[in-house]
Amino acid sequence: QTLPVARPKVSVAMCSYNRPALLQRAIDSLLCQTTPDWELLVCDNASSEPAINEILVEAMNDTRIRVWRTAENTGAPAILWNFLFDRARGYYFAVLDDDNEKLPQFIERLSSVLDGQPQLDFVTCAWRVVGGAVADAERECFLNLDTSVLNTRQGSTCDGGAVMYRRETFEKVGYFAEDIRTCE
């Protein structure tokens, strides 16, 4: 069990619905981070799968992990992420979908970039797709690395799970759009 940090550097928001094996892997990926300076805020979106409760109860043994549950499924992750970020204590925010995993140095590397470059509102990285319906689904994705002011004004080039934001950015421009289902 890890003792809570007074104010963690990074708050990670995750919503989950009826995918216990994936949820466990996602949580485990945070527990393997090279820096302990994070908190995980999980919102279970009215799962009916009994194993979800067992996983979340076990996860709360780590004091950096806090859990909420909805009575009804919202159908929109952005609603839950916004709810969680309203309760977040970190200086930086990140999202972890329950079907994703963070590489061990995700928090350390992205937060160090934000620490060293206060003019940046967010930082992003490449990601890897593993599995999926396509036979050659495992591939590296570097679209995020083409992010620039011009590109982000024209449309999102960033996968939300590969981005870390400053808290002030959310406070200045607002949270995730709750009326759309993807690329919130």
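Which residues of helix 3 are buried? I looked that up before anything else. They are Pro77, Ala78, Leu80, Trp81, Asn82, Leu84 and Phe85, where buried means under 20% relative accessible area, exposed over 50% and partly exposed in between (1.4 Å probe, protein chains only).

**Ground rules.** I noted that this is a predicted model, where local features need pLDDT of at least 70 and side-chain atom pairs count only at pLDDT 80 or more, while totals for chains, interfaces and linings use all residues. Residues are numbered from 1 along each chain as its sequence is written, and side-chain values use heavy atoms, with hydrogens and water left out.

**Overall layout.** I find six helices and eight strands in the protein; these are DSSP runs numbered from the N terminus (helices H or I, at least four residues; strands E, at least two). Along the sequence they follow β-α-β-α-β-α-β-α-β-β-β-α-β-α. The protein has 184 residues, and 40% of them are buried. I also checked contacts (heavy atoms within 4.5 Å). Among those with a separation of 6 or more, 75% link residues 24 or more positions apart.

**Helix 3 again.** Helix 3 runs over residues 77–85 and is mostly covered, with seven of its nine residues buried. I asked what those buried residues pack against. The list is strand 1 (10–16), strand 2, strand 3 (65–69), strand 4 (92–95) and helix 6 (167–173).

**Asp44.** Next I went to strand 2 (residues 38–44), where Asp44 sits. Asp44 is buried but has no salt bridge, which would take a side-chain nitrogen of Lys or Arg within 4 Å of a carboxyl oxygen of Asp or Glu. Its nearest side chain of opposite charge is Arg69, 4.4 Å away; Lys and Arg count as positive, Asp and Glu as negative, and His and the chain ends are not counted. Not counting residues up to four places away in sequence, I see Asp44 touching Ser16, Ile52, Leu56, Trp68, Arg69 and Thr70.

**Leu31.** My last stop was helix 1 (residues 20–31), which includes Leu31. Is Leu31 buried or partly exposed? Leu31 counts as partly exposed because its relative accessibility is 38%. Leaving aside neighbours within four places in sequence, I found Leu31 in contact with Trp38, Asp62, Arg64 and Ile65. I also looked up Leu31 and Ala59, which are 28 residues apart in sequence and 9.6 Å apart in space, C-alpha to C-alpha.
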